[in-house]
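Subject: Handing over the model

Hi,

Here is the structure I promised to pass on. Have a look at it first, and then read on for what turned up in it.

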Amino acid sequence: MKKKIYIAGSGGMLGEAFYRVFKNDYDVKCTDKDVNEKWLDFLDFRDFEAYKNDVKKYNPDYLFHIGALTNLEECESNIDDTYLTNTTSVENAVLLANELNIPVLYISTAGIFDGKKDFYDDWDEPNPLGHYARSKYMGERYVRENAKKYIICRAGWMMGGGPKKDKKFVNKIIKQLASGKRELHIVNDKDGTPTFTVDFAKNVKLLLENEYWGLYNLVCTGETSRVQVAQEIVNILGLQDDVNINEVSSDHFKEIYFAPRPPSERLINKKLELRNMNIMRDWKVALSEYITDYYTDYVAENIYTVKEDGIGTNAVL
């Protein structure tokens, strides 16, 4: 008999990857307040009574609590909702998992660090800068201090879900190119480590099945910056001769992206390496696969390039 997983808050880019990776080997129940897939049921995990009743009814072997508010500007502008979603709801998940005596999975973030160091391993001390980071760190601490069994995984710059679900940097760049922009303005003062959601879910599965409970940094290998990621996207799409990347400081976007962000969010998967559990791939390999798997049709339909003879044609991956 397959073991059962309840995945709360799984309507986004990360939930899509978890459903993809776990659905064949486990019985999964996926819920979200935004029911945007056939395999999703409605559940607003901020409602503790509804959360408790639904999880208990399903009686899972594992509780994955993966949903969160991740738009930093939205978090700065809606503080109560941020802590209700990213912190209090995590406390609810821990209480539920403890009551059922099952492990809980929580997703934390590289954004909980202040960026004063170039790299952070699993044991560095967080120092969150804004309400998003603080709310996530308080959720992380509650799990660490109260859950009987848990896995906490800190992700970096997420990439996954494709044109409909990816609300992060990769999709924003591709959408700009699809709109016809060939002059990109990219910040040159932000460093990080991309995290392909499918690889992330596969590595979580490996930890779970080996029962290596605890807290882990979980990002792609290799170091990079926003500028390098943008350059790699342009190269993968074959637009290097058509697109100019203009490097700017974060002040260029300060009216739009006003929430505080650390200059470095680079993580090192030190504990995974020590346990011989690190199956995360290089970020360039993962980025190429992500764009090929999720964007081939979108690119063919929406992005044009101009050949030497001046004739426009659809970009092909």
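Let's start with a pair of strands: β4 and β5 run parallel and are joined over three bridges. In that pair, His65 stands opposite Tyr106 of β5. Strands count as paired if DSSP finds at least two bridges between them, and helices (H or I, at least four residues) and strands (E, at least two) are DSSP runs, numbered from the N terminus.

Before going further, some housekeeping. This is a predicted model, in which local features need pLDDT of at least 70 and side-chain atom pairs count only at pLDDT 80 or more, while totals for chains, interfaces and linings use all residues. Residues are numbered from 1 along each chain as its sequence is written, and side-chain values use heavy atoms, with hydrogens and water left out.

Back to β5, which also runs parallel to β6, joined by six bridges. There, Thr109 stands opposite Ala155 in β6. Six of the six residues of β5 are buried, where buried means under 20% relative accessible area, exposed over 50%, and partly exposed in between (1.4 Å probe, protein chains only). In a regular strand the side chains alternate between the two faces of the sheet. Here Val104, Tyr106 and Ser108 point one way, with Leu105, Ile107 and Thr109 pointing the other.

Contact here means heavy atoms within 4.5 Å. Which residues of α5 are buried? They are Tyr132, Ala133, Ser135, Lys136, Tyr137, Gly139, Glu140 and Val143. The helix length works out too: the 16 residues of α5 (131–146), at 1.5 Å a residue, should span 22 Å, and its end C-alpha atoms are 22 Å apart, which agrees. The expected span is 1.5 Å times one less than the number of residues.

Two asparagines are worth a look. Most residues other than glycine have a negative phi. Asn59, in the loop between α2 (48–58) and β4 (62–65), has a positive phi of about 55 degrees. Asn101, in the loop between α4 and β5, has a positive phi of about 60 degrees. Asn59 is partly exposed at 48% relative accessible area, whereas Asn101 counts as exposed at 58%.

There is also an open sheet of three strands, in the order β12-β9-β14, with mixed pairing. Its edge strands are β12 (224–225) and β14 (264–265), each pairing on one side only. β9 (191–192) pairs with β14 in the parallel sense over two bridges, and Gly192 stands opposite Glu265 in β14.

In helix α9 (226–236) you will find Gln228, which is partly exposed at 37% relative accessibility. Leaving aside residues up to four places away in sequence, Gln228 touches Glu223 and Trp283.

Finally, the second largest pocket holds about 160 Å³ of space. Its lining is made up of Glu16, Arg20, Glu37, Gly161, Pro163, Lys164, Lys165 and Tyr294. α6 gives the most to that lining, with three residues. On a 1 Å grid over the protein atoms alone, a pocket is an open set of points where a 1.4 Å probe fits, with protein on both sides within 12 Å along at least five of seven lines, and lining residues have an atom within 4 Å of a point. Points are joined across faces, edges and corners, and the volume is the space filled by probe spheres set on them.

Cheers
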